[in-house]
Amino acid sequence: MADRHPEPDSPALRARWGQFAWTGDNAARAQDIIARYPAGRQRSAVMPLLDLAQRQVGAEEQTQGWLPLPVMEFVARELAMPVIRVLEVATFYTMYNLAPIGRFHVQICGTTPCMLRGSDDIMAACKAKGLKKGHTTPDGLFTLTEVECMGNCASAPMVQINDDNYEDLTADSMTHILDELAAGRQPKTGTQAPGRHTVEPLGGPTTLVAMVSENHDYRGEW
Amino acid sequence: MPKLKVDGVEIEVPAGATVLQACELAGKEIPRFCYHERLSIAGNCRMCLVEVKPGPPKPQASCALPASEGQEIRTDSEMVKKAREGVMEFLLINHPLDCPICDQGGECDLQDQSVAYGRGASRYHEEKRAVTQKTMGPLIKTVMTRCIHCTRCVRFSEEVAGVDEIGALYRGEGMQIATYLEQAAKHELSANVIDLCPVGALTSRPYAFEARPWELKKTIGIDVSDAIGANIRLDSRGREVLRILPRVNDDVNEEWLADRARYLVDGLTRRRLDTPWLRVDGKLQAATWAEALAAVGKVHPGSSVAVIAGDMVDCETMFAAKKLANALGSTMLEGRQTGLAYDTSNLAAVAFNSTLAGIESADAILIYGSHVRDEAPLLNPRLRKAVKAGAKVWLIGPWWDTTYPATHLGDDASVIDALPEDVASVFANAARPAIIIGGGALAKGGLGAGLGFAARFNLVREGWNGFNVLHFAAARMGGLMLGYAQAGGIGDIVAAAPKLVISLGADEVDWSKFANSLIVHIGHHGDKAAHAADVILPAAAFSEKDGTYVNTEGRVQFSEKAVFAPGEAREDWTILRALADAFGVTVGFDSFDELRAAMIAEVPALGAEGLADYGAIPAIADHAPASGVIGYAVKDRYLTNAIGRASPTLQRCSAELIHGVFQAEAAE
């Protein structure tokens with residue numbers, strides 16, 4: 001995280017993004033978002049607007065989207081707030097990408113539960129496909145980031161790719177997901193374990209088993 | 001008024017006080033880094049932890065905790081001691097401990113508090129965080145690895161200066177204080193973050209590696225760069241003033257100082273007049289005092305003598321020059337160098353009557369022909385406070401960025417007599433309406449119009465006087481009290497074509513109009529007046545003489561001598577006394593004490609520190625209309641006087657921050 005830095009300001013960056021403005025849809029959506037906050041508190045809309053801007057940038061260049069400095073300046077102008085305050089927000093939250101990014105942002109969890117359930121294998125699978133931590137693949141498809149816990153410990157190990165989670169991974173299923181994405185197809189999201197729907201216990205419930213079929217009063221057994 | 005106990009002693013504190021303030025009232029010292037009385041509460045350094053009952057059984061940050069009835073606060077318990085040691089140890093984990101090469105050393109809050117409250121040894125062996133160097137312009141030197149993230153600088157620029165340019169980027173351990181794209185801090189109060197920074201992260205760039213605080217002699221002084229009269233401290237070593245810092249005075253400058261006042265110090269040793277000069281055949285030649293005084297003595301001007309006072313002279317100098325002119329039979333005295341000629345028959349009509357602290361409570365303010373940020377940088381934070389409390393502000397004169405919401409009414413001075421209906425109704429209904437008349441309006445006949453405005457909207461009422469004139473020169477009010485004003489301004493003196501003109505550091509005068517006069521310049525810097533002078537008598541700058549100054553409110557303040565004037569230069573009054581001998585007249589004083597006594601005998605108000613009483617503003621039923629597009633006198637906020645123009649630091653500020661010319665700097 002310490003090596004997160006905004007893409008340096010340059011004439012090329014200004015030339016590419018200096019004219020950034022909302023598309024028709026997004027302009028309406030931005031008005032909608034700003035209207036959610038009380039008058040005089042429009043600055044509160046900075047986070048959703050940054051997200052919207054990031055998505056628009058992503059749509060324009062067919063990637064996950066990121067925030068060039070001129071785009072942050074645009075958001076600051078939209079909300080009539082100092083640009084340093086926008087930059088503070090954008091640098092604080094890691095979900096705002098400060099530098100160009102690939103089409104698929106593979107965020108792989110390496111925190112203890114995932115690590116115990118084999119996240120090292122998942123990382124190896126990614127590495128085998130040419131993904132490198134903190135880098136984008138030469139074809140511009142994948143950017144790999146190692147992140148901390150994303151709250152899917154019950155179905156560890158997991159990755160988040162763009163807006164979807166892929167859980168209960170193995171090296172094989174990870175490779176399959178990457179292949180499918182590279183081929184332009186949408187793999188199944190959520191758990192990859194066969195026979196599992198969400199995060200229900202594998203192999204049936206181990207607690208409250210008497211309540212599976214009907215209501216059961218446990219109080220007498222305490 | 002909650003009653004509570006601090007370390008077993010019961011005290012009563014004002015409602016709304018915090019626990020930290022309660023402890024201070026009880027005489028307990030609470031260590032702190034992020035808390036600052038004049039900034040909002042952040043509560044992020046955790047150094048002010050105390051034990052509070054009732055409450056959770058853990059130490060609490062006292063700066064952000066309201067004091068309430070029946071609290072029992074302990075600042076001396078084992079829990080508090082351990083908490084402070086713990087916080088201090090964490091703060092020092094990423095602090096480089098490079099005190100021997102840090103300019104803050106000796107006046108560093110972190111140093112002092114780690115001695116007082118720290119463990120004394122570190123248990124940390126891992127690698128420390130390092131932060132890449134940041135640029136913040138020509139005044140602020142940054143060593144961001146030393147930063148402890150108190151965010152005082154961020155809060156100062158946002159809340160006091162009103163210019164959001166410093167921010168805290170990234171998060172957690174990676175947090176960094178920076179300006180957007182590392183641009184220079186550009187506003188007129190930027191260097192105050194140097195004083196605010198509790199560690200050596202932000203230090204003064206021009207002062208880097210100059211001195212240690214314990215080597216310096218501290219002298220109290222008054223700033224002469226504008227008419228606010230900020231209270232300053234002159235830190236000197238040997239014969240040189242090394243830095244200027246603000247002193248706390250809630251009535252005047254709170255604890256801020258404008259950049260251009262702080263860095264006058266670098267001009268004090270440059271371009272100095274340190275020997276008398278005589279113009280011989282059109283060229284200035286160095287001379288001795290005896291030759292110079294003899295040359296002036298030979299003039300025999302009779303009563304055809306005029307004295308023009310500069311913007312930075314003290315009252316004693318002006319009084320001595322006045323006595324000299326009077327002894328020669330002249331009353332041609334003027335201090336308004338650029339040609340202003342407003343009526344000065346009633347000094348209340350040309351003073352800042354609301355007082356600087358009082359203007360904060362105004363609820364409707366009309367700024368009439370004043371670029372406040374350039375002409376009185378320390379007034380603008382006061383106006384910001386007024387606006388935060390709900391005041392409305394209107395501006396007549398070319399628009400400038402006010403840093404608070406204000407409405408522009410027009411550029412022409414005549415607008416004041418044709419206010420829009422809604423503005424007029426706000427002033428008519430305001431409880432504490434005020435007007436601030438600046439030099440730009442005074443030059444267009446705005447004083448009468450301003451007095452008319454005051455009468456129309458009843459600006460002077462029980463417990464409130466909303467009529468204010470904002471001057472720009474430190475010498476102005478003192479000069480007016482001593483009679484340095486002609487009915488027609490400096491034009492009268494030009495018309496009289498005096499044989500001899502004495503310039504008291506008058507560097508802003510158009511001297512080409514005095515081509516037929518002999519010009520004797522008593523000044524300290526080789527600036528505009530020295531170029532025009534026939535005789536130059538080197539004098540003392542404000543740091544080199546005792547003096548009385550009167551600020552735009554009419555507040556009389558005394559400044560002390562920090563160092564001796566360089567070379568052959570003498571204190572101004574001794575030069576004027578010697579000139580009296582050269583002319584063969586008596587002026588009635590032989591020592592500085594006699595001079596001051598004579599001055600106080602003539603103008604008693606100058607003897608008492610504090611606000612002079614000018615009486616009531618005149619009631620004006622009818623006034624000549626003001627007209628003309630207002631222009632502001634200050635073209636370059638850094639180079640406003642002879643000392644500033646000689647200061648390389650301010651020259652660099654002017655070049656980089658105003659004109660956008662960057663000077664290459666050698667790598668350190």
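What share of the contacts in chain A with a separation of 6 or more comes from residues 24 or more positions apart? Such residues account for 62% of those contacts, where two residues are in contact if their C-beta atoms, placed from the backbone, lie within 7 Å. The model is predicted, and local features are reported only at pLDDT of at least 70 and side-chain atom pairs only at pLDDT 80 or more, while totals for chains, interfaces and linings use all residues. Residues are numbered from 1 along each chain as its sequence is written, and chains are lettered from A and ligands numbered from 1 in the order in which they are written.

The C-alpha trace of chain A spans about 65 × 45 × 30 Å along its principal axes. Of the 222 residues in chain A, 31% are buried. Here a residue is buried if 20 or more other C-beta atoms lie within 10 Å of its own, exposed if 12 or fewer, and partly exposed in between, with C-beta atoms placed from the backbone.

Next comes the nonpolar core, meaning a set of buried Ala, Val, Leu, Ile, Met, Phe, Trp, Tyr and Cys residues joined through C-beta atoms within 7 Å. In soluble globular proteins, nonpolar side chains tend to be buried together. The largest core in this model has 239 residues, and those touching the most other members are A:Val75, B:Met318, B:Ile365, B:Ile435, B:Leu504 and B:Val520. Helix 8 (residues 315-327) of chain B gives the most to this core, contributing 7 residues. Another core, of 21 residues, lies apart from it and includes A:Ile108, A:Cys114, A:Met158 and A:Ile161. As for A:Val75, when its neighbours within four places in sequence are set aside, its contacts are A:Val46, A:Leu49, A:Leu50, A:Ala53 and A:Val86.

Two of these contacts, A:Val46 and A:Leu50, also take part in the meeting of two helices: together with A:Met47 in helix 3 of chain A, they meet A:Val86, A:Val89 and A:Ala90 in helix 5 of chain A. By class, this contact has 6 nonpolar, no polar and no charged residues; Ala, Val, Leu, Ile, Met, Phe, Trp, Tyr, Cys and Pro count as nonpolar, Asp, Glu, Lys and Arg as charged, and the others, Gly among them, as polar. The axes of helix 3 (residues 46-61) and helix 5 (residues 83-92) of chain A come within 11 Å and cross at roughly 70°. Axes are lines fitted to C-alpha atoms, for helices over the stretch in contact, and angles run from 0 to 180 degrees between N-to-C directions. Helix 3 and helix 5 of chain A are therefore roughly perpendicular to each other, a label given to angles of 65 to 115 degrees.

In helix 5 of chain A, the buried residues are A:Ile84, A:Val86, A:Leu87, A:Glu88, A:Ala90 and A:Thr91. Their cover includes helix 3 and helix 4 (69-78) of chain A, along with strand 7 (166-169) and strand 8 (176-179) of chain B.

In chain B, helix 8 packs against helix 18 (residues 592-602) at an angle of about 80°, with their axes 10 Å apart. These two helices of chain B are therefore roughly perpendicular to each other as well. The residues involved are B:Cys315, B:Glu316, B:Phe319 and B:Ala320 of helix 8 and B:Leu595, B:Arg596 and B:Met599 of helix 18. They divide into 5 nonpolar, no polar and 2 charged.

Some backbone details are found in loops. The peptide bond from A:Ala156 to A:Pro157 is cis, with omega near -5°, and A:Pro157 sits in the loop between strand 2 (142-147) and strand 3 (159-161) of chain A. In chain B, B:Phe209 has a positive phi of about 60° although it is not a glycine. B:Phe209 lies between strand 9 (202-204) and strand 10 (217-222) of chain B, in a loop, and is exposed, with 11 other C-beta atoms within 10 Å.

Definitions and conventions: Helix = DSSP H or I, 4+ residues; strand = E, 2+ residues; numbered from the N terminus. Parallel < 35°, antiparallel > 145°, perpendicular 65-115°, else oblique.
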